[in-house]
Amino acid sequence: MNDSPHQPVLYKEIIHALRPRRGGRYVDGTLGAGGHARGILEASAPDGQLLGLDVDPQALALARKTLAPYEQRIHLVQASYLSLSAQLAQLGWDAVDGIVLDLGASSMQFDTPERGFSFMHDAPLDMRFGPSALNTAADLVNKLSERELADLIYQYGEERDSRKIARAIVRARPLHTTRELVTVIESVSPSRGDRVHPATRTFQALRIAVNEELASIEVVLPQTVASLRSGGRLAVISFHSLEDRIVKDFFREQSKDLVNPPYEQIYGEERKATLNEVTRKPITPSDEEIKNNPRARSAKLRIAEKT
Ligand SMILES: C[S@@+](CC[C@H](N)C(=O)[O-])C[C@H]1O[C@@H](n2cnc3c(N)ncnc32)[C@H](O)[C@@H]1O
């Protein structure tokens, strides 16, 4: 997460993980403001190349500015990382040396009130990373059944009060703004005196659902493995346990020789390990980084190398 005014989260660690080299080919699937991408381009000078993807046109515009000095070596596309294989085919790249995914929303998105990501600002209930998302947060809040809303808030927000909140939403709808939603949540789930605002988990849940974040991670991971050359590296930063669990399970699963591997359609056959985990435990930001950028506190970086 995070771009200006801070360095991107785990910046040094990402560059160290990917070991960019001259002439290498890299993918940043979640370009954001282009901070990690810039580091990769600097470290792979003079001729390393980078494909950068983001669904958010505003992010792409920011990244274009950040990366202007490297214009000759970049390919920036407004597209989902779900189209990774197709984008590489379009460029004629058959294998890449490194891929970074820095999941979730950017600081720019959180800090732009009218995007509707933050319960601190009043804005339309939008929360889409990009215009291609099928539903806004308002669509979900106003159209789902009480049961569906409760399940969504529980599964993606790990919110204990999900049923109460869903009932209150259904009673109060239609809801159009973040402030209206916050007021409804506060009416049934008052602050418990901890540091977490009562709307935090419901907002997280809606954002994950609007952008189909967890399903997207599951779909992109096998594509990353297929796109890396042998010895190429994948670095994934996640910001909550639901994301991290998917990455962790995938890395573990791909690090084993298996019969009937669940992620592939080859039954009755052995599949050799496709990844080696570079570090068994995730890398987390230093105290110093968290002090400078509190949003980094929940970040976890996992790194794997293609066999
Ligand atoms: C945490 S930010 C990345 C920040 C970036 N690493 C930097 O250095 O500035 C995550 C970005 O991923 C984008 N994103 C989220 N889901 C995406 C997807 N499925 N495909 C492409 N980009 C996506 C968001 O729009 C956001 O800009």
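Colleague: F110 and F117, buried or exposed?

Modeller: Both F110 and F117 are buried, meaning under 20% relative accessible area with a 1.4 Å probe and protein chains only. This is a predicted model, where local features need pLDDT of at least 70, side-chain atom pairs count only at pLDDT 80 or more, and totals for chains, interfaces and linings use all residues. Residues are numbered from 1 along each chain as its sequence is written, and side-chain values use heavy atoms, with hydrogens and water left out.

Colleague: How many aromatic pairs are there?

Modeller: Three aromatic pairs. Rings of Phe, Tyr and Trp (its six-membered ring) pair if their centres lie within 6.5 Å.

Colleague: Why is the pair of F110 and F117 edge-to-face?

Modeller: Their planes are at 70 degrees, so the pair is edge-to-face; that label needs over 60 degrees. The ring centres of F110 and F117 are 6.2 Å apart.

Colleague: And what about F119 and F203?

Modeller: Also edge-to-face, because the planes are at 80 degrees. Here the centres are 5.6 Å apart.

Colleague: New topic. Which residues are closest to the ligand?

Modeller: H36, D54, Y81, D102 and Q109, out of 26 residues that surround the ligand. To count, a residue needs a heavy atom within 4 Å.

Colleague: What does the side chain of H36 do there?

Modeller: An N or O atom in the H36 side chain is 2.8 Å from a nitrogen atom of the ligand. That is a polar contact (a pair of N or O atoms within 3.5 Å).

Colleague: Which backbone atom lies 3.0 Å from a ligand oxygen?

Modeller: An N or O atom of A33. A polar backbone atom of G35 is 3.1 Å from an oxygen atom of the ligand.

How values were computed:
A polar contact is a pair of N or O atoms within 3.5 Å; within protein, one must be able to donate a hydrogen and the other to accept it, and residues adjacent in sequence count only if both atoms are side-chain atoms. Rings of Phe, Tyr and Trp (its six-membered ring) pair if their centres lie within 6.5 Å; planes under 30 degrees apart count as stacked, over 60 as edge-to-face and the rest as tilted. Buried means under 20% relative accessible area, exposed over 50%, partly exposed in between (1.4 Å probe, protein chains only).
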